[in-house]
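Have the model open while you read.

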Amino acid sequence: MIIVLKPNLSKKQEAAVLKEIRKRGYHPHVMRGVARTVVGAIGDELTHKSLETLATVFPHEIESVLPIQKRYKLVSREAHPTDSTVKVRNHLIGGKKFHVMAGPCSVESEKQLMTTAVAVKEAGATILRGGAFKPRTSPYEFQGLGEKGLKLLAKARKETGLPVITELLSETQAEMVAEYTDIIQIGARNAQNFQLLIAAAKTGKPILLKRGLSMKVEEWLLAGEYVLAHENPNLMFCERGIRTFETYTRNTLDLTTIPIIKKESHCPIVIDPSQAAGRADLVASMCKGAVAMGADALLIEVHPNPAEALSDVAQQVSLEMFAKLMQELRPLIVAAGREYQTKEVA
Ligand code: PEP
Ligand code: MN
């Protein structure tokens, strides 16, 4: 159930409503928007007392009580009519400013990471990406540098000031990865690993949830629901292409998810053209399409020497290609009503 509160309630009035919700056996999630505050009441309506009578009990405090028919609740637009923003150090993702997260597929060495970090920052990226724990299809392929990679990411952040994003592969490493990173990436292969999602949510770090290779949008939204249901409101969805019959590209980038996620959810939507295309030559066009369609951010793989990369050789763009792409994106970002350079939160 969604309980829409009347504007300008005193703390005491709000507390009385929350107390009654708890008394009826539900867990209240308070979401404060600019214009109004709504409360998502989580609980099973079959086994608990109904909340429908709540508005008659609190006529001065409650505007309306709405049932949510959809299976996802906290990620839904109904629960939070305005766009939510995710604070990452001094950045807000999902706000006016358009963000570009860029960096290598895998952290390979200090030199490789630092060269990339400095170059992507110079070109206008706001967040540094880099995999330390890599989910590789074959056990014989490079698995990532592990904690050493996390340490290098932390070093790159210190030197450039760029916040970092890296993937979490295992529940047992959630706390360790959270110690180093600013955003936890949950990869496509783990998008429905619910225990991993819960462990990631519990760290309190912002979560970027990739869409699974064959995941329906509803399943993706429900996977995101796990994060919010575990008291972590800082969720971003990331479309990275789904598996289809097509072989010209590694995956098929589903850009329709931008308006769909915007309609169904308040959480930011990020587009990863790199895993989608699997080809560096297509990355720029896909980025442009994503900006035009209203994405909040991009996640792009960039490598100083793509041909010698230890993972995803074909899809990483060079430093030069990235700098050119960023120049080309600027007018499109502005045309889409976004900004690429603004002062952010302190
Ligand atoms: C990646 O970002 O390098 C990655 C492995 O992504 P995905 O989980 O989308 O395949
Ligand atoms: Mn990759």
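What follows covers the ground rules, then the salt bridges, then the metal.

## Ground rules

This is a predicted model, where local features need pLDDT of at least 70, side-chain atom pairs count only at pLDDT 80 or more, and totals for chains, interfaces and linings use all residues. Residues are numbered from 1 along each chain as its sequence is written, chains are lettered from A and ligands numbered from 1 in the order in which they are written, and side-chain values use heavy atoms, with hydrogens and water left out.

## Salt bridges

Side chains of opposite charge can pair when their charged atoms come close. Here a salt bridge means a side-chain nitrogen of Lys or Arg within 4 Å of a carboxyl oxygen of Asp or Glu. How many salt bridges does that rule give? The count is 21.

One of them pairs Arg211 with Asp254, with the closest N and O atoms 2.9 Å apart. Arg211 sits in the loop between β11 (207-210) and α7 (217-229), while Asp254 is in the loop between β12 (235-239) and α8 (257-264), so this pair ties together parts 43 residues apart in sequence. (Helices, H or I, of at least four residues and strands, E, of at least two are DSSP runs, numbered from the N terminus.) Arg211 is buried at 5% relative accessibility, and Asp254 is buried too, at 17%. For the record, buried means under 20% relative accessible area, exposed over 50%, and partly exposed in between, using a 1.4 Å probe and protein chains only.

Arg279 and Asp281 also meet in a salt bridge, at 2.8 Å from N to O. Arg279 has 28% relative accessibility, so it counts as partly exposed. Elsewhere, salt bridges with shared partners join Glu20, Lys23 and Arg24 into one network.

## The manganese site

Which residues hold the manganese ion (ligand 2)? Cys105 (SG), Glu301 (OE) and Asp312 (OD) coordinate it, at 2.1 to 2.4 Å. Donors are N, O and S atoms within 2.8 Å of the metal (3.2 Å for Na, K and Ca), and water is not among the atoms, so sites may look incomplete. The donor residues are spaced C-x195-E-x10-D in sequence. Cys105 lies in the loop between β7 (99-103) and α3 (110-123) and Asp312 in the loop between β14 and α11 (319-335), so the pair ties together parts 207 residues apart. Cys105 counts as buried at 2% relative accessibility, and Asp312 counts as buried at 17%.

## Glu301 again

Glu301 coordinates the manganese ion (ligand 2) and also forms a salt bridge with Arg129, with the closest N and O atoms 3.4 Å apart.
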